[in-house]
Amino acid sequence: MRVDIVSIFPEYFAPLDLSLIGKARANGTLRLAVHDLRAWTHDVHRTVDDTPYGGGPGMVMRPEPWGEALEALAPAEPAPDGTIRDRAASEAAVPPRLLVPSPAGVRFTQAMAHELAAEPHLLFACGRYEGIDQRVLDHAATRMRVTEVSLGDYVLFGGEVAVLVILEAVTRLLPGVLGNAGSLDEESHAHGLLEAPMYTKPATWRGHEVPEVLRSGDHGRIARWRRDEALLRTAARRPDMLAALPPESLDKRDRAA
Ligand code: SAM
């Protein structure tokens, strides 16, 4: 997967050299480039913002550098004769999916992470201040798919942290990134439930015992216990998720629980 990130704080992305994302980059599973938006400014101050039309506090990101950045990083449109005008900028004649973090976007979920993991090319535009001039998104939408995406119902300083979160959720779904791909099938949100509590050695720690069933070696009982705990936890913490489960995904013993 190819990923391009545009930000006025490229340094924010230093952690993307670490751990499993770092490995995915090193082995070519993830071809990631971080770009400084100011590279597409042309004044001595490298200006990227200005005051909002209509008044109000804060600053808004100007459209010109964003327009140039997106043109440089998204594959060029085919010319009327069918040739691609700027081959250097386009590895394939398929435009990337543009993701713009915003508290006013659609909520990011594990389902969206799966959807994004199937894309060949993601392009992230990190807003700062009061966000990016809306015309940048409207114009981009005439030539690529644009999704404004929110991490949750709160407001951050900028889109960088949101991109780190989204990218981590997406990268771990890419084939070969996780040592044990089975973990993906058993974790929270994989099947509309939260995961049951997990334990490791020692069996007793500061007076707290690992539940006996997990030490029994009885795989049937263990599976049933984990399922019951997942249902109870989801009911207690996320009744909305439990209510959204399709009835056919529940077995008889689930209903009894
Ligand atoms: N004026 C904007 C509004 O009220 O919707 C908030 C702008 S916020 C201070 C600056 C940037 O942080 C946004 O452009 C976005 O990139 C990012 N951001 C803030 N909260 C976010 C959230 N919950 N999810 C994703 N990105 C967020």
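I note that the model is a predicted one.

**Entry: domains**

I looked up how the chain is divided. The protein chain has domain 1, spanning 2–171, and domain 2, spanning 188–256. I then checked the separation of the two and recorded 38 Å between their C-alpha centres.

**Entry: ligand shell**

I asked which residues come nearest to the ligand. They are Pro101, Gly127, Gly131, Leu156 and Gly159, out of 19 residues around the ligand. I next sorted the shell by element and found that strand β5 (residues 97–107) gives the largest share, four residues. By residue class, I recorded ten nonpolar, seven polar and two charged residues in the shell.

**Entry: annotated binding site**

I consulted UniProt, whose unreviewed entry places the feature "binding site" at Gly127, Leu151, Gly152, Asp153, Tyr154, Val155 and Leu156. Gly127 and Leu156 from this record are also among the residues that come nearest to the ligand.

I examined two of the annotated positions further. Leu151 lies in the loop between β7 (145–150) and α5 (160–171). Is Leu151 buried or partly exposed? I counted 18 other C-beta atoms within 10 Å of Leu151; burial needs 20 or more and exposure 12 or fewer, so Leu151 is partly exposed. Setting aside neighbours within four places in sequence, I found Leu151 in contact with Phe108, Ala162 and Val165.

**Entry: nonpolar cores**

I turned to the largest nonpolar core, which has 39 residues. Phe124, Ala125 and Ile166 touch the most other members of this core. I listed the elements that each supply at least two residues to this core: β1 (2–7), α1 (19–26), β4 (60–61), α2 (63–73), β5, β6 (121–125), α4 (134–140) and α5. Which element gives the most to this core? It is α5, with five residues.

I followed Phe124 in more detail. Not counting residues up to four places away in sequence, Phe124 touches Ile5, Val6, Leu99 and Val163.

**Entry: backbone geometry**

The peptide bond from Lys201 to Pro202 is cis, with omega near 5°. Pro202 lies in the loop between α6 (183–186) and β8 (204–205).

Ser19 has a phi of about 55° and is placed in helix α1. With 11 other C-beta atoms within 10 Å, Ser19 is exposed. Arg206 has a phi of about 50° and is found in the loop between β8 and β9 (208–209). Is Arg206 buried or exposed? I counted 5 C-beta neighbours inside 10 Å, so Arg206 counts as exposed.

Technical notes: Residues numbered from 1 in each chain as written. Predicted model: local features only at pLDDT ≥ 70, side-chain atom pairs only at ≥ 80, totals over all residues. Domains from an automatic or database assignment. Near = placed C-beta within 6 Å. Nonpolar A, V, L, I, M, F, W, Y, C, P; charged D, E, K, R; others polar. UniProt positions renumbered as here; feature names shortened; annotations may be inferred. Contact = placed C-beta atoms within 7 Å. Core = buried A, V, L, I, M, F, W, Y, C linked by C-beta atoms within 7 Å.
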